[in-house]
Amino acid sequence: MKKNSSGHSLFRVVLALVFICFGLIALGNNLAWWDIDDLFFDWWPLILVLIGLITIFAPGGSWGGGVFLVFIGVVFLLHTLGIYDLEDLIWPAALIMVGIIILPRKRKEPRHFQPGTERDNDSDPKHERVFHATNADHVFTINTIFNSQREVIKDDQLAGGHGTAAFGNLELDLRQTNPTMNTYLEFTAIFGNITLLVPQDWKIVKHGGPVFGKINDRRNQINDALKTKTVTIEMNAIFGSIDVMN
């Protein structure tokens, strides 16, 4: 299978560009290529606004978390620019923010699966969602940013999948899947946590590794002779953690 899908790639590209841009700006300032200290003092809340917008519109993002970040950013921006005093803004703006969050919104179908994916158990009391990966490629893509979610994957011909948790938590239950011969899974935790629940008969070939993070294999180990399925998993934990369990 192909290691990348378009939705997953776009999500990762946006996150990468945000980190790269802010890193280059900070690097140039520290090396005296330019001086943004005064500018940053007045306009730093725009960083919160930008992250909030990404959180709202990115696949797997959180509406409430994004609105909160935009709200905080705008309030602090008006304060740092001397337009309004913070004490005059905080309570009225908080009421407006609460109103926006509780506005009824049209329910959207999951954006993280390719066309043909079906979903059921939408009213599950544990607020978990069950996905039947019936798309032609049998590949799932799940991203979460500033959000926490649990997903259950059901696929009797699982070929692969991608998952990213940025500043959030993602729990994936893969125990009801049957992998094909060349199943490849890729997971990245960036300042977040990913928990993978896998079947006991999986023999996992690990790739990737932690970057100021942790990757923990917490499975109950069984005899290798009983592991009938081989699955390749690339795990990258960047200031985050990935836990593999049965």
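The legends below describe close-up views of a predicted model.

**View 1. Strand β3 and its two faces.** Strand β3 spans residues 139–145 and is mostly covered, with seven of its seven residues buried. In a regular strand, side chains alternate between the two faces of the sheet. In β3, Val-139, Thr-141, Asn-143 and Ile-145 point one way, while Phe-140, Ile-142 and Thr-144 point the other way. The residues of both groups are all buried.

**View 2. The pairing of β3 with β4.** Strand β4 comprises residues 148–166 and runs parallel to β3. Seven bridges join the two strands. Within this pairing, Asn-143 stands opposite Thr-164 in β4.

View 3. Phe-19, Phe-167, Phe-191, Val-211, Phe-212, Ile-238 and Phe-239 together make a nonpolar surface patch of about 660 Å². One of these residues, Phe-191, is placed in the loop between β5 (169–190) and β6 (193–197). Phe-191 counts as partly exposed because its relative accessibility is 38%, a value between the limits of 20% and 50%.

View 4. Thr-195 lies in strand β6. Its relative accessible area is 12%, and Thr-195 is therefore buried, as the cut-off for a buried residue is under 20%. The side chain of Thr-195 makes a polar contact with the side chain of Asn-193, at 3.2 Å. When neighbours within four places in sequence are left aside, Thr-195 is in contact with Leu-170, Glu-171, Leu-172, Asp-243 and Met-245.

Terms used. Residues numbered from 1 in each chain as written. Predicted model: local features only at pLDDT ≥ 70, side-chain atom pairs only at ≥ 80, totals over all residues. Heavy atoms only, no water. Buried < 20%, exposed > 50% of the residue type's maximum accessible area, 1.4 Å probe, protein only. Helix = DSSP H or I, 4+ residues; strand = E, 2+ residues; numbered from the N terminus. Pairing = 2+ DSSP bridges. Patch = residues over 30% accessible without salt bridge, like charges linked within 9 Å, V, L, I, M, F, W, Y side chains within 5 Å. Areas by Shrake-Rupley, 256 points an atom, 1.4 Å probe, with all protein chains shown as cover. Salt bridge = Lys/Arg side-chain N within 4 Å of Asp/Glu carboxyl O. Polar contact = N/O pair within 3.5 Å; in protein donor to acceptor, adjacent residues only side chain to side chain. Contact = heavy atoms within 4.5 Å.
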